[in-house]
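Welcome to this short tour. Keep your viewer open, and select each stop as you come to it.

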Amino acid sequence: RVETAQGEVVPGSVFEATRYKTAMRPETAATVRDLMVEVVNNGTGTRAQIPGIQVAGKTGTAQVEGNDAPHAWFIGFAPAEAPRYAVAVLVENGGDLGSEATGGRVAAPIAAEVLKALLQP
């Protein structure tokens, strides 16, 4: 529905939610989630771990044109079993680490801090 600034429902703007498309089968989604959990638990994304909360994620390093340092990135969500929040962190040209940057070293810790702040009781 659409509401005015005063909270009144605009006539003709109430719609029933319907599923548009399914991106993938539930079994496939569960497999991808489990692989992303493994990245955070034992792979390149361990710096995204949050004690007591299972985070799922994927790290990456993207080459750029020329001699500039690569971009470092991390995408993830938490809690992995019943996601409430998803984040994407991109650190251009590796931030302070420059050409030594990776998504796991630079972007994953930032994602962990954001998720911690969002998940605080």
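**First stop: a pair of threonines**

Begin by selecting Thr59 and Thr44, whose side chains are joined by a polar contact of 2.6 Å. Please bear in mind along the way that this is a predicted model. Thr59 is found in strand S1, which covers residues 56-62 and is one of the edge strands of a sheet.

Is Thr59 buried or exposed? Thr59 counts as buried because its relative accessible area is 9%, and the cut-off for buried is under 20%. To see what lies around Thr59, show the residues it touches: Val39, Thr44, Gly45, Trp73, Phe74, Gly103 and Gly104, leaving aside residues up to four places away in sequence.

Now select residues 56-62, 71-78 and 85-91, which are S1, S2 and S3. These three strands form an open sheet in the order S1-S2-S3, and their pairing is antiparallel. The edges are S1 and S3, each of which pairs on one side only. On average, neighbouring strands here are turned by 10° against each other, if direction is ignored.

Next, turn to helix H1, residues 26-42. H1 packs on the sheet, where it touches S1 and S2, and its direction makes about 70° with that of S1.

Then try Trp73, which stands opposite Leu90 in S3. Trp73 is also one of the residues that Thr59 touches.

Which backbone atom lies 2.8 Å from a polar atom of the His71 side chain? Show Asn93 to find out: the atom is the backbone nitrogen of Asn93. Not counting residues up to four places away in sequence, His71 touches Gly60, Thr61, Ala62, Val64, Leu90, Val91, Glu92, Asn93 and Gly94.

Select residues 103-119, which make up helix H2. H2 lies across S1, S2 and S3, and runs at about 145° to S3. Which residues of H2 are buried? Colour Gly103, Gly104, Val106, Ala107, Ala108, Ala111, Ala112, Leu115 and Leu119 to see them. Their cover includes S1, S2 and S3.

**Last stop: the whole chain**

Zoom out and show everything. The protein has two helices and three strands, and from the N terminus on its elements run α-β-β-β-α. Along its principal axes, the C-alpha trace spans about 55 × 35 × 30 Å. The radius of gyration is 19 Å, whereas a compact globule of 121 residues would have one near 14 Å.

The accessible surface comes to about 8,300 Å², and carbon and sulfur atoms account for 53% of it. Of the 121 residues, 31% count as buried. Among contacts with a separation of 6 or more, 41% are between residues 24 or more positions apart.

Terms used: Residues are numbered from 1 along each chain as its sequence is written. This is a predicted model: local features need pLDDT of at least 70, side-chain atom pairs count only at pLDDT 80 or more; totals for chains, interfaces and linings use all residues. Side-chain values use heavy atoms; hydrogens and water are left out. Two strands pair if DSSP finds at least two bridges between them. Helices (H or I, at least four residues) and strands (E, at least two) are DSSP runs, numbered from the N terminus. Axes are lines fitted to C-alpha atoms, for helices over the stretch in contact, and angles run from 0 to 180 degrees between N-to-C directions. Contact means heavy atoms within 4.5 Å. Buried means under 20% relative accessible area, exposed over 50%, partly exposed in between (1.4 Å probe, protein chains only). A polar contact is a pair of N or O atoms within 3.5 Å; within protein, one must be able to donate a hydrogen and the other to accept it, and residues adjacent in sequence count only if both atoms are side-chain atoms. The radius of gyration is taken over C-alpha atoms; the globule rule is 2.2 Å times the number of residues to the power 0.38. Accessible areas come from the Shrake-Rupley method with a 1.4 Å probe; for residues, only the protein chains shown count as cover.
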